[in-house]
Amino acid sequence: MAESKTDRSRYPSHPAQVRSARHHAEQVLRDWGVGDSTMDAAVYVAGELASNAVRHARTSQGREFGMTLRLLESIVRVEVRDPDPTLPAAVAPGEDLEADGGRGLLIVERLASSWGSAPEVLGKTIWADVPLAFADAGADYSALCAEGAS
Ligand SMILES: Nc1ncnc2c1ncn2[C@@H]1O[C@H](COP(=O)(O)OP(=O)(O)O)[C@@H](O)[C@H]1O
Ligand SMILES: [Mg+2]
């Protein structure tokens with residue numbers, strides 16, 4: 001699958017920065033011409049992963065999280081990296097969305113075609129693939145790709 005576009009950004013690990021990451025994701029995906037429904041889902045996912053990176057990553061080895069957005073052929077991939085090596089536990093299928101707490105990754109699981117985590121030299125990356133809505137794929141995608149990789 002040819003990668004068409006990538007955007008990388010970094011943020012201090014502070015709750016207020018979750019909003020910055022969401023806004024940045026929205027701007028980037030809009031610039032890329034991603035349609036509203038895909039954009040909303042991807043921005044939501046970015047916000048949840050960023051929020052987790054700020055809330056749950058406990059380490060003295062770095063105080064930043066990074067977000068990478070990739071526009072691929074049929075998905076937007078959202079990656080959020082933090083310096084804590086602890087990988088999140090798998091979400092149990094059929095878990096209760098109404099339960100208190102622990103809903104973020106459940107919602108990510110529902111919005112993403114797949115998601116997972118991968119260890120890095122320092123910390124880990126949690127990624128999620130948000131499918132391009134039918135209307136966002138196809139002809140639009142060829143136009144987006146015509147501009148080439150960036
Ligand atoms: N970036 C992360 N680093 C370490 N642990 C994480 C991270 N993201 C999620 N987790 C773990 O997975 C659990 C579930 O995450 P989530 O569904 O977002 O619920 P919540 O954030 O409300 O606890 C968290 O409580 C935490 O234990
Ligand atoms: Mg969460």
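1. Overall make-up. The protein has four helices and five strands, in a model that is predicted. Read from the N terminus, the elements follow the order β-α-α-β-β-α-β-β-α. The protein has 150 residues, and buried residues account for 35% of them. Of the contacts between residues at least 6 apart in sequence, 71% link residues at least 24 apart.

2. The sheet. The five strands form an open sheet in the order β1-β2-β3-β5-β4, and the pairing is antiparallel. At the edges are β1 (5–12) and β4 (114–119); each has a single partner strand, so one side of each has no neighbour in the sheet. On average, neighbouring strands of this sheet are turned by 15° against each other, with direction ignored. As a general point, the strands of a sheet pair through backbone hydrogen bonds, in either a parallel or an antiparallel way.

3. Pairing of β1 with β2. β1 is joined to β2 (residues 64–71) by eight bridges, and the two strands run antiparallel. Within this pair, D7 stands opposite L69 of β2. On the helix side of the description, α2 packs on the sheet and touches β2, β3 (75–82) and β5 (124–131). The direction of α2 makes about 10° with that of β3.

4. Pairing around β5. Eight bridges connect β3 and β5 in the antiparallel sense. One pairing to check on the model is D82, whose bridge partner in β5 is K124. On the β4 side, six bridges join β4 to β5, again antiparallel. There S114 has D129 of β5 as its bridge partner. The hairpin of β4 and β5 has four residues between the strands, and G123 in this hairpin takes a positive phi near 80°. Six of the eight residues of β5 are buried, so this strand is largely enclosed by the rest of the structure.

5. The nonpolar core. The largest nonpolar core holds 36 residues. The residues with the most contacts inside this core are A42, V45, A46, A50, V76, V78 and V130. At least two core residues come from each of α1 (16–31), α2, β2, β3, α3 and β5. The biggest contributor is α2, with ten residues. What does A42 touch, leaving out residues up to four places away in sequence? The contacts of A42 are A25, L29, V76, V78 and V130.

6. A112. This residue lies in the loop between α3 and β4. Is A112 buried or exposed? A112 counts as buried because it has 22 C-beta neighbours inside 10 Å, and the cut-off for buried is 20 or more. A112 and V130 are 18 residues apart along the chain, while their C-alpha atoms are separated by 4.5 Å. Not counting residues up to four places away in sequence, A112 touches V45, A128, D129 and V130. V45 and V130 are also among the residues with the most contacts inside the largest nonpolar core.

7. S117. With 20 C-beta neighbours inside 10 Å, S117 counts as buried. Because the cut-off is 20 or more, S117 is classed as buried with a count of 20. Its contacts, leaving aside neighbours within four places in sequence, are L87, P88, K124, T125 and I126. S117 and T86 are 31 residues apart in sequence, and 9.8 Å separate them in space, C-alpha to C-alpha.

Methods: Residues numbered from 1 in each chain as written. Chains lettered and ligands numbered in written order. Predicted model: local features only at pLDDT ≥ 70, side-chain atom pairs only at ≥ 80, totals over all residues. Pairing = 2+ DSSP bridges. Axes fitted to C-alpha atoms, helices over the stretch in contact; angles between N-to-C directions. Contact = placed C-beta atoms within 7 Å. Core = buried A, V, L, I, M, F, W, Y, C linked by C-beta atoms within 7 Å. Buried ≥ 20, exposed ≤ 12 C-beta atoms within 10 Å, placed from the backbone.
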